[in-house]
Amino acid sequence: MPSLIITETLTQTQHFNMEQDDRRRNKNLGKNFICRLQCMFSHSTSESRLSLEDTQQWSQSLERLLESKYGLATFRTFLKSEFSDENIEFWLTCEEYKKIKSSFRMSSKAKKIYEQFIKAEAPKEINIDYYTREQIKRAVKTPTLQCFDDAQKIVYGLMERDSYPRFLRSDIYRSLLESLAADAIKG
């Protein structure tokens, strides 16, 4: 009987130590990620340092998350860790595409986007329906700034319903919040 009690006590102690290790690891993950984010954007002065308030606002909507340079970088990192970054890459590429003024550049870029994201078996193929894929296939022959709009809306919807909720529950986001909250308490 005593050996059973000792074994049970040891198991409880090991479980407690593992939980402590997990908390310590998550705290370090948050700190390390804050450092990486701030180093990535240290050359820029347009947006202040990463704050707890800004980071909490990312949970209000996907749009709010993507509007923040730190939010976007964190979300991209999360998606890359899940090997599912093709949607955000496509969405960002479309945003850049919409800024093109030259018809030659537009045509060239449209073909590249089609080859990289839209075409069946593309290296970063996005999940869109057959009709939209065929519509874009025809549109890139004489591209406009709107030729990817339908696919971009589909992809945004997928991210909003699937990737974004997973991101909000992820260790990377939770540990970032915890780390920033701890820093805010310290002052």
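This is a predicted model: local features need pLDDT of at least 70, side-chain atom pairs count only at pLDDT 80 or more; totals for chains, interfaces and linings use all residues.
**Figure 1. The whole chain and its surface.** About 11,800 Å² of the chain is accessible surface, and carbon and sulfur atoms account for 54% of that (Shrake-Rupley method, 1.4 Å probe; for residues, only the protein chains shown count as cover). Residues are numbered from 1 along each chain as its sequence is written, and side-chain values use heavy atoms, with hydrogens and water left out. The chain has 9 helices and 0 strands (DSSP runs numbered from the N terminus: H or I of at least four residues for helices, E of at least two for strands). Of its 187 residues, 36% are buried (under 20% relative accessible area; exposed is over 50%, partly exposed in between; 1.4 Å probe, protein chains only). Take the contacts (heavy atoms within 4.5 Å) between residues at least 6 apart in sequence: 62% of them join residues at least 24 apart.

**Figure 2. Helix 4 meets helix 8.** The axes of helix 4 (residues 69-81) and helix 8 (residues 149-169) come within 10 Å and cross at roughly 95° (lines fitted to C-alpha atoms over the stretch in contact, with angles from 0 to 180 degrees between N-to-C directions). That makes the two helices roughly perpendicular (65 to 115 degrees; under 35 is roughly parallel, over 145 roughly antiparallel, the rest oblique). Helix 4 brings Thr-74, Phe-75, Phe-78 and Leu-79 to the contact, while helix 8 brings Met-159, Ser-163, Tyr-164, Arg-166 and Phe-167.

**Figure 3. Arg-166 reaches for Glu-82.** These two side chains form a salt bridge, with the closest N and O atoms 2.4 Å apart (a side-chain nitrogen of Lys or Arg within 4 Å of a carboxyl oxygen of Asp or Glu). Arg-166 sits in helix 8 and Glu-82 in the loop between helix 4 and helix 5 (86-97), so the pair ties together parts 84 residues apart in sequence. Arg-166 is partly exposed at 24% relative accessibility, and so is Glu-82 at 31%. Asp-162 joins Glu-82 and Arg-166 in a network of salt bridges.

**Figure 4. Two other salt bridges.** The whole structure has 8 salt bridges. Lys-119 pairs with Glu-115 at 3.2 Å, N to O; Lys-119 is partly exposed at 35%, as is Glu-115 at 40%. Arg-133 pairs with Glu-125 at 3.4 Å, N to O. Here Arg-133 is buried, at 11%, whereas Glu-125 is partly exposed, at 31%.
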